[in-house]
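Biologist: I have a model open and want to learn to read it feature by feature. Where do we start?

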Amino acid sequence: MGVKEIIEAGKTAIGIEFGSTRIKAVLVDESGKPLAQGGHGWENQFENGVWTYSLDMIWNGLQDAYADLLKNVKEQYDTVIKTTGAIGFSAMMHGYMAFNEGGDLLVPFRTWRNTITEQAAKELTQEFGFNIPQRWSIAHLHQAILNKEDHVKDIAFFTTLAGYIHWQLSGEKVLGVGDASGMFPIDSKTRNYNEEYLDKYDKILMQKGVTWNIRGILPEVRLAGESAGTLTAEGAAKLDVSGNLQAGIPMCPPEGDAGTGMVATNSVAVRTGNVSAGTSIFAMVVMEHALNTLHEEIDVVTTPVGDDVAMVHCNNCTSDINAWANIFKQYSEAIGAPVDTDKLYTTLFTAALDGAPDCGGLMGFNYFSGEPVTGFDEGRPVFARKVNADFSFANFMRLHLYSAVSTLKVGLDILLRDEGVKVDKLFGHGGFFKTKEVGQRIMSAATGGPITVMETAGEGGAWGMAVLALYLMKTGGDVLGSESLADFLNGTIFGGEEGTTITATPEEIKGFDDFMKTFTSAYSLETAAINTL
């Protein structure tokens, strides 16, 4: 069959992911090969002290991204999508979307980026003996209770952004286990919410005078490959304003961007890991056993099938690089030599490789928002240099690439050095790795080990979500009677692809370590910026 016939026969899958700055839709064939994609750019808004996206932004963005996918399908294959084998939705993990009995959003969506739940996160971490980061959904819920917010009494359901989209399109209040693990702790033995912690939290709710219980408002947990409902007629009309898309399409469990990143890099098996580096940055390693000690710098989430994953999550990565890139873009335009965006970023990133391994006396913090790993509730981007620094273009760019991953290194050192967690392969994906070799070499210098980038890594989370939709097509909803997700990825999707691996030189690794000594001793610089700016 040709591609046009494949699309018309529905022998495809669709994955759609809501990233921080882009909503992306991908159509793939049954082998996982991308056939077409669409996208929509968006930015979060800071309103009344909260980072948010409005419901209008969410639905307009989804419809525009899907319409763009349809446009590309029409241009490339002269056909329209009427059905597909399965469809799945993913989004930024965590955050807080609370609804009343009638399905109305009670307060504006509070995204993962908010660092307004410090008291709640500390209380819950102490109560559970399990790290609850500020961005987790349960931390947002508990903070609302501590703040005695009026809407709390009316809560009938709360979920993540991916869970909300899935619910609206299928009528099912479910969530993939990976995304659910960023709402409330998961027990990797039962692959469901931790019963001990649920009981503990219900006692807290009783003490606070809350009338509902936590089990009653959480979405049901689903594993990758399990059925999560079908697209309703109302949902099809809401997704595809052209009216061509048919109802009844199987929907896989909605997942978070951590889970789709694991799938996109083939790192769902034990002792594999990946680093996702874009607007935020996080590293995940699938663990053989539980951590020895509670570390507030490290989250424990799960793979899309429920295995424990140690996760170091940092709120800030490429935003400051993008801001400086814009300055260079404006300069090039001012002197009458405009440069296209791809060349601009390639030039900036490549220049960093010529910089000194320790950045030659330059220092900086890329903190647009708070960074709990290093103890900051707020952020201010800072660039500084010693008087005798080697202030070159190469060192300047190397500094900003180092700054983008330095906070991650703080957490990874705890995980890999202090806890002794073993990882055989660490995969990189996201915009930080787009320029050949550069991001890999910098990240390798930070981690002290090899970094692998797959050919498919550039496809991103939307492609990973489409692959999870393919896995549902493979299992037909029967996970126990089917091959594992890891085997499905190794065989059907990646087919033995090894990717490209780069290891930093001993000099580069030492240079990054030397830079980190200055970085960790300069926190007072960031504190002063926050207090005075």
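Modeller: With cysteines. This is a predicted model. Cys359 has 0% relative accessibility, so Cys359 counts as buried.

Biologist: How far is the sulfur of Cys359 from the closest cysteine sulfur?

Modeller: The idea is to check sulfur pairs against a cut-off: a disulfide needs the two atoms within 2.5 Å. The closest sulfur to that of Cys359 belongs to Cys317, and at 15 Å it is too far for a bond. Cys252 is another buried cysteine, with a relative accessible area of 1%. By the distance rule, the model has zero disulfides.

Biologist: Next, helix packing. How are two packed helices described?

Modeller: By two quantities: the angle between the axes and the distance between the axes. Take helix 12 (residues 341-352) and helix 13 (residues 393-418). Their axes are 7 Å apart, and the angle is about 95°. An angle from 65 to 115 degrees counts as roughly perpendicular, and helix 12 and helix 13 are therefore roughly perpendicular to each other.

Biologist: Which residues of helix 12 and helix 13 meet?

Modeller: Helix 12 brings Leu348, Phe349, Ala351 and Ala352. Helix 13 answers with Phe393, Ala394, Met397, Arg398 and Leu401. By class, the contact has eight nonpolar residues, one charged and no polar.

Biologist: Which residues touch the most other members in the largest nonpolar core?

Modeller: The core has 130 residues, and the ones touching the most other members are Leu141, Phe184, Tyr201, Ile214 and Phe432. Helix 13 gives the largest share, twelve residues. Apart from this core lies another, of 42 residues, including Trp42 and Leu245.

Biologist: What is Phe184 in contact with?

Modeller: Skip the neighbours within four places in sequence. Phe184 then contacts, among others, Phe128, Trp136, Ile138, Tyr197 and Leu218. Its contacts also include Tyr201 and Ile214, two residues from the list of those touching the most other core members.

Biologist: Is helix 14 mostly covered or mostly exposed, and how many of its residues are buried?

Modeller: Count residue by residue. Helix 14 (residues 438-447) is mostly covered, with ten of its ten residues buried. The buried set includes Arg441 and Gln440, along with Val438, Ile442 and Met443. After the helix comes Gly448, with a positive phi near 80°.

Biologist: One more loop. What does Thr374 touch?

Modeller: Thr374 is in the loop between strand 18 (362-365) and strand 19 (382-385). Thr374 is buried, at 13% relative accessible area. Leaving out residues up to four places away in sequence, Thr374 touches Tyr367, Thr407, Val410 and Tyr523.

Definitions and conventions: Residues numbered from 1 in each chain as written. Predicted model: local features only at pLDDT ≥ 70, side-chain atom pairs only at ≥ 80, totals over all residues. Heavy atoms only, no water. Buried < 20%, exposed > 50% of the residue type's maximum accessible area, 1.4 Å probe, protein only. Helix = DSSP H or I, 4+ residues; strand = E, 2+ residues; numbered from the N terminus. Axes fitted to C-alpha atoms, helices over the stretch in contact; angles between N-to-C directions. Parallel < 35°, antiparallel > 145°, perpendicular 65-115°, else oblique. Contact = heavy atoms within 4.5 Å. Nonpolar A, V, L, I, M, F, W, Y, C, P; charged D, E, K, R; others polar. Core = buried A, V, L, I, M, F, W, Y, C linked by side-chain atoms within 4.5 Å.
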